[in-house]
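Please read the points with the structure at hand.

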Amino acid sequence: PMKNANVGIEDGVIKGVSTKEIEGFDYPDLEVGGKNRLVTPAMLVMNSYLYLYPFRYKVFMGKLNPQKILDVMSSNDAYYFAMAGAYHLLKRGVGTVVFSGPHLDLTARAVSEVGIRPVLAVTVDNDANWEKEFSTLYNRWSSGDENRVILRVANQDQLKNVLDVSRTYKIPVLVERDVDLSEADLNGAHVIGLGGGSRKDLKKLSLQGGLAWTPSFEVSNFP
């Protein structure tokens, strides 16, 4: 790490980092003091359920069943709860958040309003409509320059179909720990196995995929 350094930012882009004065920043519009502080790129949070933010402590302690909350949560609730959660993350240096579950479009709108980059993970389980949901959200939130929609597979039977979509759209796939990749063809697909060291397919992931030490839904519902 570089100590006692100056960071020059223009139009949201870092233009220079130096222990000396940065050329072109003699008279900055705004100077923020950072003595004895650490400056890092914005962090990324994966597998977050932002709309559960107001209930995070009781969920952690096992006093509330998150599914029961989701069953009675309205669209407006989801939007404003997600916005509150996004502010929480922004204050802690998060610049990108990956989330799944219901209310994906509303959550993405709330996150964008706060100023965080949303990445929508469409869940693939027993619902036969996941391809329609993926197509709708992909057309709405992705562009030629940037993709903001990925897949999260939680059903072993759908794995092959999901990997085919990953290859076609060149998007990552989050794979729940109960979905075994040991016999899967991962060539051309970008997979990230959730659950860390508890997975049974660690050898396959080490050769052809990525591994995230990220809790699954039943372990944690908010970072």
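1. The model is predicted: local features need pLDDT of at least 70 and side-chain atom pairs pLDDT 80 or more, whereas totals for chains, interfaces and linings use all residues. Numbering runs from 1 along each chain as its sequence is written, and side-chain values use heavy atoms, without hydrogens and water.

2. Trp130, Phe134, Leu137, Tyr138 and Trp141 of H5 are buried (under 20% relative accessible area, with exposed meaning over 50%; 1.4 Å probe, protein chains only). Down the axis of H5, these buried residues fall within an arc of 105°, so they line one face of the helix; the arc is that of the directions from the helix axis to the C-beta atoms. Lys132 and Asn139, on the other side of H5, are exposed.

3. The cover over the buried residues of H5 includes helices H4 (104-114) and H6 (159-169) and strands S5 (117-124) and S6 (149-153). Trp130, Phe134 and Tyr138 of H5 meet Asn161, Val162, Val165 and Tyr169 of H6, contact being heavy atoms within 4.5 Å.

4. H5 and H6 pack at an angle of about 20°, their axes 12 Å apart. That makes H5 roughly parallel to H6 (angles under 35 degrees).

Note on methods: Helix = DSSP H or I, 4+ residues; strand = E, 2+ residues; numbered from the N terminus. Axes fitted to C-alpha atoms, helices over the stretch in contact; angles between N-to-C directions. Parallel < 35°, antiparallel > 145°, perpendicular 65-115°, else oblique.
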